[in-house]
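Colleague: Before I use any terms for this model, I would like to hear what stands behind them. Please show it and take my questions in turn.

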Amino acid sequence: MSLQATTSLRRTRRRVGRLPVAIVIVGLILIMIVTAAVLAPWIAPADPTRQVLLMRLKPPGTIAAGGQVYLLGSDELGRDLLSRVLFGAQVSLLVATLSVLVSTLVGVTLGMMAAWFRGWIEVIVMRLVDIMLSIPAVLLAVLTVAVLGPGFFKLILVLGLTRWPRYTRVAFGQTLQVATLPYVKAAELAGASAARILFRHILPNISGPLLIVATAEFGLMILFEAGLSFLGLGIQPPAPSWGSIMSVGRQYVERAWWIVAFPGGCLFLLVLSVNVLGDWLRDRLDPQARVR
Amino acid sequence: MLRYVAGRLLQAIIAVFGVLTIVFVVMRFSGDPTLLLVPEGASQEYIDALRTELGFDRPVITQYIDYLRSLSHLDLGVSVVQRIPALDIVAARIPYTVLLAAGALTIAVGVGIPIGIAMAMWRGGWLERLLSAVVLTGQSAPTFLSGILLILVFGVMLGWLPTSGAGDLKALVLPSIALGALSMATFARMARTAIVDELGKDYVRAGRARGLSPAGIVFRHVLRNAAIPVVTIAALEIGNLLAGAVIVETVFAWPGIGQLAIQSIQSRDFLVVQVIVLLISIVYVGTSLLADVAYALIDPRIRLAR
């Protein structure tokens, strides 16, 4: 091995070694869940919606007469639980990612506009933020989904449009600070449009705090999707969602613990990992929090 | 002080007004709100008659003013399913939710604050690491998961406690733990931060220099000062607990307003849902108002800053 390769290896190890063990572990968990979700169509042993009524409520490890192995057992309609959990990961991550994108887009745009233009835009936007934050988010989401009816895209829309105020608050405060910096004044004097200044010059400088909000919200969105689906207001059967699988599992908890345990365990690990990663990011990016 | 309270009260009134407006707007998202208020399979004549009766065929502005006017008389409409005032249906369920929220708050405070104190006193040690794992678990486990796991372990496997319904006080234990877990984590984190902040102050060093024991300083002096932010959190948590009750009550078949909300959505009884959302939001706004006023009463810096 050449000297150069050794140093670069050592450097990599040092860089990884600087990460706390907990972060490495949750990072691996996240990578595994994301990989499983992306590869679900190829690695799932069965069609997640195919019912085999003879194989209802079979415990983990059951082997069917045809040779199919129910690694995590089967549900109340004889569907393979492992396949449903894998496809459920897809639903969970997709809904959370898209709704975080929607709320970031809406929230950040409004927040930056309020801070840049001030005046009546600021009054209206920031008052609306106060009001939105004074309704418990779960309730607002429940009411809106109930009125609109359930469905994948409606769910994303509802989550995205009820969760933007937090981004607005942060974007507003940060933009106010950055807007006074000389380089922004320079861009303004050079004749850049408001949109160009906000998105090209200010946004990159306020993205750190926004990333912290987005990470925390990502964990919350996963919980919201699962919670709404659990209540029957989110993803509709037979499409697999961890929340809706668990709501069936609640009914069969006395006879078939695995229906609740596996999707519940995945959900817990996913949210835990996102939360740990979010806390770590906040400590790294926010020097004030690091002192504590 | 009076000026601060008046300003804060005005803010709260604006917030409640905003909540009423948002609920009004959301209820009209579907296009024709009449369709939300009729039982499934209603005839077209009935729908048309109801639309005229409820005034949904009039301009939206007129409807909005009418809506605010009837709310000011506490007239929240009649349930189309049960044909009795929606407010009465909700009121009958309130005691159960209050009981559940009280149980959850007791657990959150009773467990969360001692954990927070221990984490602050032994920070950096193995005990803090262990306890922060407990806190993180409480924070990351969704209530429906912890609820079902509690049912599985204490209800099904051990058979110690009932798994659903609201029979006696024993039935209150599991739902209270499930609902209180998230608040427990919040209290522990807040208590830890508040105490660590206090521990860095001069009076603590002075006490140590005079030879007071660390535990004596914490329990006699630090806790009193650290209590201020923690007490105000308690007020805010009440609102969160009421909102969380929607899921916990469904898991445990607890007959409070949360379960009623979901049942009413399923039976398309939207006026009842509307009452519940308004009620919880108003409590939410009210408790955060109380929290701010209490904070200002205790800490003069806040009211003087305005």
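Modeller: From the N terminus on, the elements of chain B run α-α-α-α-α-α-α-α-α-α-α-α-α. That is 13 helices and zero strands. Keep in mind that this is a predicted model.

Colleague: What is the pattern of chain A, read along the sequence?

Modeller: Chain A reads α-α-β-β-α-α-α-α-α-α-α-α-α-α. The secondary structure there comes to twelve helices and two strands.

Colleague: What do the C-alpha traces of the chains span along their principal axes?

Modeller: The trace of chain A spans about 75 × 65 × 35 Å. For chain B the span is about 85 × 60 × 30 Å.

Colleague: What is the average pLDDT of chain A, and where in that chain is confidence lowest and highest?

Modeller: Chain A averages a pLDDT of 83, and 91% of the residues score at least 70. Confidence is lowest in helix H12 (residues 287–291) of chain A, at a mean of 49. It is highest in H3(A), at 92.

Colleague: Why is B:Ile107 called buried?

Modeller: The cut-off is 20 or more other C-beta atoms within 10 Å. B:Ile107 has 20 C-beta neighbours inside 10 Å, so it counts as buried. The residue is placed in helix H5 of chain B. Not counting residues up to four places away in sequence, B:Ile107 touches B:Ser176, B:Ile177, B:Gly180 and B:Met184.

Colleague: How many residues of each chain are buried, as a percentage?

Modeller: In chain A, buried residues make up 42% of the 292 residues. In chain B, 41% of the 306 residues count as buried.

Colleague: What makes the phi of A:Arg118 worth a remark?

Modeller: Most residues other than glycine have a negative phi. A:Arg118 is not a glycine, yet has a positive phi of about 50°. B:Ala253 is also not a glycine and has a positive phi of about 50°. B:Ala253 lies in the loop between H10 and helix H11 (257–266) of chain B.

Colleague: How do H3 and H4 of chain A pack?

Modeller: Helix H3 (residues 81–117) and helix H4 (residues 119–133) of chain A pack at an angle of about 145°, with their axes 7 Å apart. The crossing of H3(A) and H4(A) is left-handed. On the H3(A) side, A:Leu110, A:Met113, A:Ala114 and A:Phe117 take part. They meet A:Gly119, A:Ile121, A:Glu122, A:Val125 and A:Met126 in H4(A). By class, this contact has seven nonpolar, one polar and one charged residues.

Colleague: What is the crossing of H5 and H10 in chain B?

Modeller: Helix H5 (residues 86–121) and helix H10 (residues 214–252) of chain B pack at an angle of about 145°, with axes 10 Å apart. H5(B) passes H10(B) in a right-handed crossing. The residues of this contact divide into 15 nonpolar, one polar and one charged.

Colleague: How many residues does each chain give to the contact of the two chains?

Modeller: The contact takes 34 residues from chain A and 40 residues from chain B. On the side of chain A, 23 are nonpolar, six polar and five charged.

Colleague: Which residues have the most contacts inside the largest nonpolar core?

Modeller: That core has 166 residues, and those with the most contacts inside it are A:Leu139, A:Val142, A:Leu143, B:Ile148, B:Ala191 and B:Ile276. H3(A) gives the most to this core, with 17 residues.

Definitions and conventions:
Residues numbered from 1 in each chain as written. Chains lettered and ligands numbered in written order. Predicted model: local features only at pLDDT ≥ 70, side-chain atom pairs only at ≥ 80, totals over all residues. Axes fitted to C-alpha atoms, helices over the stretch in contact; angles between N-to-C directions. Helix = DSSP H or I, 4+ residues; strand = E, 2+ residues; numbered from the N terminus. Left-handed = near helix turned anticlockwise from the far one by under 90°. Contact = placed C-beta atoms within 7 Å. Nonpolar A, V, L, I, M, F, W, Y, C, P; charged D, E, K, R; others polar. Core = buried A, V, L, I, M, F, W, Y, C linked by C-beta atoms within 7 Å. Buried ≥ 20, exposed ≤ 12 C-beta atoms within 10 Å, placed from the backbone. pLDDT = per-residue confidence, 0-100.
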